[in-house]
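Here are a few notes to read alongside the model. Take them one at a time, with the structure open next to you.

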Protein chains: 2
Amino acid sequence: MPPPVPPDGIDPAWLPPAAFRPLGSRRTLIRGRGGPLVETVYGEVAEACARFGGSVGWGGGAACDLVLDVAGEAGDDESFTLVRDADGPTTVTASGGRGLLHGLFHLLRLGEGAFRGRWEPEVHRPALPLRMLDHWDNVDVHPVMGQVERGYAGGSIFWVDGRARHEPQRVRAYARLLAACGINAVAVNNVNVHETEARLLTDRIGEVAALAAQFRAYGIRTHLSVTFAAPIVLGGLATADPLDAEVREWWGEATRRVYDVIPDFGGYVVKADSEGQPGPFAYGRSHADGANMLAAALAPHGGTVHWRAFVYDHRQDWRDRSTDRARAAYDHFAPLDGEFAANAVLQVKHGPMDFQVREPVSPVIGALPRTRLAVELQVTQEYTGQQRHVCWLGQMWSEVLRFRLDGETPVGQLADGLVGVSNVGDDPYWTGHPLAQANLYTFGRLAWDPGADPRRVLDEWIALTHPGAPDALVSGLHAVLDGSWRSYEKYTAPLGVGFMVQPGHHYGPSVDGYEYSPWGTYHFADRDGVGVDRTAATGTGYAAQYAKVWADVYESAASCPDELVLFFHHLPYGHLLRGGSTVIQHIYDTHFDGVAEVTAARDTWASLRDLVEPSRHARVAELYEEQLRSAREWRDQVNSYFFRKSGVPDAHGRRIH
Amino acid sequence: MPPPVPPDGIDPAWLPPAAFRPLGSRRTLIRGRGGPLVETVYGEVAEACARFGGSVGWGGGAACDLVLDVAGEAGDDESFTLVRDADGPTTVTASGGRGLLHGLFHLLRLGEGAFRGRWEPEVHRPALPLRMLDHWDNVDVHPVMGQVERGYAGGSIFWVDGRARHEPQRVRAYARLLAACGINAVAVNNVNVHETEARLLTDRIGEVAALAAQFRAYGIRTHLSVTFAAPIVLGGLATADPLDAEVREWWGEATRRVYDVIPDFGGYVVKADSEGQPGPFAYGRSHADGANMLAAALAPHGGTVHWRAFVYDHRQDWRDRSTDRARAAYDHFAPLDGEFAANAVLQVKHGPMDFQVREPVSPVIGALPRTRLAVELQVTQEYTGQQRHVCWLGQMWSEVLRFRLDGETPVGQLADGLVGVSNVGDDPYWTGHPLAQANLYTFGRLAWDPGADPRRVLDEWIALTHPGAPDALVSGLHAVLDGSWRSYEKYTAPLGVGFMVQPGHHYGPSVDGYEYSPWGTYHFADRDGVGVDRTAATGTGYAAQYAKVWADVYESAASCPDELVLFFHHLPYGHLLRGGSTVIQHIYDTHFDGVAEVTAARDTWASLRDLVEPSRHARVAELYEEQLRSAREWRDQVNSYFFRKSGVPDAHGRRIH
């Protein structure tokens, strides 16, 4: 049982003291040259030893159970090697502090196993060099979006009411958690950069530097979201044209000043020409022009620009069925392949729309082989229950990362990085829902190893968060988490059709909520059928943005996977799915099933009461009541909506209102 | 052409200087005793004379064109008598200042006609003694509702950001406009009384007194919305139970203190047990108990409590078709008839729902013959275009006031008062849309004479606002205003079904926006039909709340008026209406017609360009573009929605998306 939230009011999440027992009860020697990250490692071991009676020292020779062997501090190498003879000691070797730190957290995951038996030399290195968490935190409280845009875990841990919070201890504890799951970069403000937030780049850069100092101690580089209009709004220039010499000079100088105070600054994140944000289109320039200008400013200092590919027409006319938001990112960016600078990273959402519970993998990811590319996932649960519902996304993310857009190479190998939108706030559990911690942990670990089995990652999270958990708790946590994403899918928007949420806040059902909106998010349900025709033959042609291996599959309703069939096709309610059910009966069945699964999960959780710390158990139990209420509302509204439209009764005669 | 908005930034509305020319260019004598209101009249005449060369004096004897004859200041008598011999002078006689003031404004309406020919003695007295305008103004800016709840004309003229505005000139100008159309009472804060607003009753009463001083000069009494929980939140008591002696004492004392500073204070307005506001239900007491407690506190001082009958379950389950919000006010209040104190007024919305463009007249109005009753209208256009659409409501209000619930007595005679929710803010035109001024004027005049022909009231408004208007302007204004309510009805929610608006702000269409909500506002459209069965035979029984003369009419779809048929019946799309069209074809036809009418109105307005002051013309022209855009959006969404559901094509083959 993990301890209750400690007196400082912050949950230890996957780093509770007890997780350090195997390490802290042994004798450790650190060999090699020190440096700040090695000091961090030393401090971690020393604190564990103080608690559990072990010892830690520098140098070699003495008898010990663990050797941490480090060549020096310098370098970006994050790899480490683990080896152990049958009679010990366990040895972790790294070329620098970064690798050593990752090795330390690897030891925690191994637990007692790290000190038993024999380990053949194992080299561990991250598959993706960029493993970044983006905070959509505002400095000012936004009148609509609040302190954290799409945040469901309280306020920001960085900012409050226009000011920096100045809580270094909390930021440091956060950096430690992120490092422990493999994240090495953080953007500290929202990609929608408002007036106050823009100034973080210039006169308020000191506040960013204070955060960077905490993240640096755990090997994490700090990034900043900037507005493309900065030369105008901050610099007083008449233009932000990326090819204008004065503009380029302004960015160069602004960037130099950033590096004066944050020497290891990671770079910029930019949302341009998207949902009202300014961008290069205003000057007749391409997004490559825009990104490259910032890349040029960052290059001398080793920084990177993350340029988001989330560009589409958000003032669409619902009457116009030829415009397809799903096509937009590909249409905008695929032609630019090869034009981006080496230190520009195109940041692409995993699906073509916006983090729905089910989307096809974005064809953009396979369309720019000569461009550095990061896949963006949404750890914060905007469309997946807003951290009031249990919805563990590891399974979904893993499917995306293992998807082979060209039939051969998985997404995890096409990408240079993985970016998550943070689900963290100033809530004592960090993530509001205590079980949503599993999403953050899983994100980090999949960024380190996109091919990992997500259930094994969940094993790790369970073992760390609940050290010594009895089998009943382990299997209980798997029971409520493993299938939670598919349960959520079942009781919400069916067959890949997406949206159907309440406008604005996006919580809870509204089948027609976005149907007549300007946002490009339609399902076109009428009395005969539902879905979006995105085929090349008769629809918007989106299906043809895929390589042939998938274009053919998606083009035909007969071969399209059921779970995406309404994303690609407008089908009659009586259409027979590959699974053997009709569209309408599938809608009814999955919605009844989804609620039944939530009920079962709630009951499973209730049965774990004696195995989970009471306040944590109580919070989850309470949230399950809301999840169940909400799931029933989804079921009833979606079923009633389609019953009223189709007139087809449920084959099993269940009650539809 | 009225002058542009004057340098003080406030439009003179229906009291432009030129409207005073007939009066101001003549010789006036005021006979009788003075007093504050007589002083006001004297000041008005003197200012007009200063501008137009006439004269005004006290006493009798001298040759003159106009005699204002007043017996004294005292009393509530608002009547006056007008008489004129063929060779003059015109004489207005009143027993006090109130009547004299009304007589003065009557002379303005008569214009030159007041001083020509012969007038047989005419006694003018208001049909309704209570003619009140309720401001839903907040003192603090409400995080959702803003400074003025459902306000579409800028900020409040009384409050800003938690403070009193202290703009006596503006309030006085406002009082003058209200008096000129016959209003004699104003409530200065929102019926939803939040924390800060509650304190207007006690430590902030001075701010109310300052407003009352301005209103008093034009014969208008000031009222205050109070929270039923005041004894708890302001008085520190443990209860607000209306039968508790301490509570009653607290209200008595609080009220005495109010009258200490506002001797002619009008009384309280209370929204209790409604949409989250506290009320007597919490203590197992009736609404009569609640109202009578406040009535008892006010009685010694001559005050009145306005108790709103807007009580219903706003946490309804859309799955439950037996609960009917339309029934609620009758079910709650009809059994209480005879129990209310003489100085308690039950304030009843004109329809059973909430100010939709078309509702039946509320049966509550005829159900409490032994209770004083005020009918509440919404001058602010929450559901009728939010002062971006031209929607003159005089026709609708007149139909309500002339409706005979018992087959004999019109509503205007059943009621003791008429209350309007104000459409005024700090906009230079007072009402945002310059033509929305006509709604405020018409409201006041119909309160004075509920039997008046609303088109004649519009004539008055046109003549006063545009003194000397050429025929083309008069007929143009009639053309754009007269039918605007019916046009709005045509392009929005059909056949009395109501709602279908965007949730929250209520602007623009969302056919299913309130369909699965807890607010009790449903249309139950499915692939076969639409509407709410409120019959006694098979529905909620609401129709039986009417006297037999109407219950029979509404009970059968064959006799129910078309414009209300979906309010009372759920009908197949193919049902033949009394007008000869099917339900679905009626929906299509009216929506195409409604947009065509807006287009025509816009063009008519454009043709008036040379006849209307340019900035006023430009503002209305600009608003017409938005109205037309919005009307098209309504047309297309509603038509598409019902086409998708019914599958019935338009008989005329027009484009439905």
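**Notes on chains A and B**

1. Start with how chain A is connected: among its contacts (heavy atoms within 4.5 Å) between residues at least 6 apart in sequence, 72% join residues at least 24 apart. Before going on, note that this is a predicted model, in which local features need pLDDT of at least 70 and side-chain atom pairs count only at pLDDT 80 or more, while totals for chains, interfaces and linings use all residues. Residues are numbered from 1 along each chain as its sequence is written, chains are lettered from A and ligands numbered from 1 in the order written, and side-chain values use heavy atoms, with hydrogens and water left out.

2. Chain A has 20 helices and 20 strands; these are DSSP runs numbered from the N terminus, helices being H or I with at least four residues and strands E with at least two. Its radius of gyration is 25 Å, close to the 26 Å that the globule rule gives for 657 residues, so chain A is as compact as a globular protein of that length. The radius is taken over C-alpha atoms, and the rule is 2.2 Å times the number of residues to the power 0.38. The C-alpha trace of chain A spans about 80 × 65 × 45 Å along its principal axes.

3. How much of chain A is buried? Of its 657 residues, 63% count as buried, meaning under 20% relative accessible area with a 1.4 Å probe, protein chains only.

4. Over in chain B, have a look at helix α3 (residues 97-110) and helix α4 (residues 168-181), which pack at an angle of about 80 degrees with their axes 8 Å apart. Axes here are lines fitted to C-alpha atoms over the stretch in contact, and angles run from 0 to 180 degrees between N-to-C directions. α3(B) and α4(B) are therefore roughly perpendicular to each other, a label covering 65 to 115 degrees. On the α3(B) side, Leu101(B), His102(B), Phe105(B) and Arg109(B) meet Arg176(B), Ala179(B) and Ala180(B) of α4(B).

5. Helix α11 (residues 394-402) of chain B has buried residues including Trp397(B) and Leu401(B). The buried residues of α11(B) pack against several elements of chain B, among them β17 (373-378) and β18 (417-421).

6. Gly417(B) sits in strand β18 of chain B and, at 0% relative accessibility, counts as buried. Leaving aside neighbours within four places in sequence, Gly417(B) is in contact with Leu128(B), Leu130(B), Leu373(B), Ala374(B) and Val375(B).

How values were computed
Angles under 35 degrees count as roughly parallel, over 145 as roughly antiparallel, 65 to 115 as roughly perpendicular and the rest as oblique. Buried means under 20% relative accessible area, exposed over 50%, partly exposed in between (1.4 Å probe, protein chains only).
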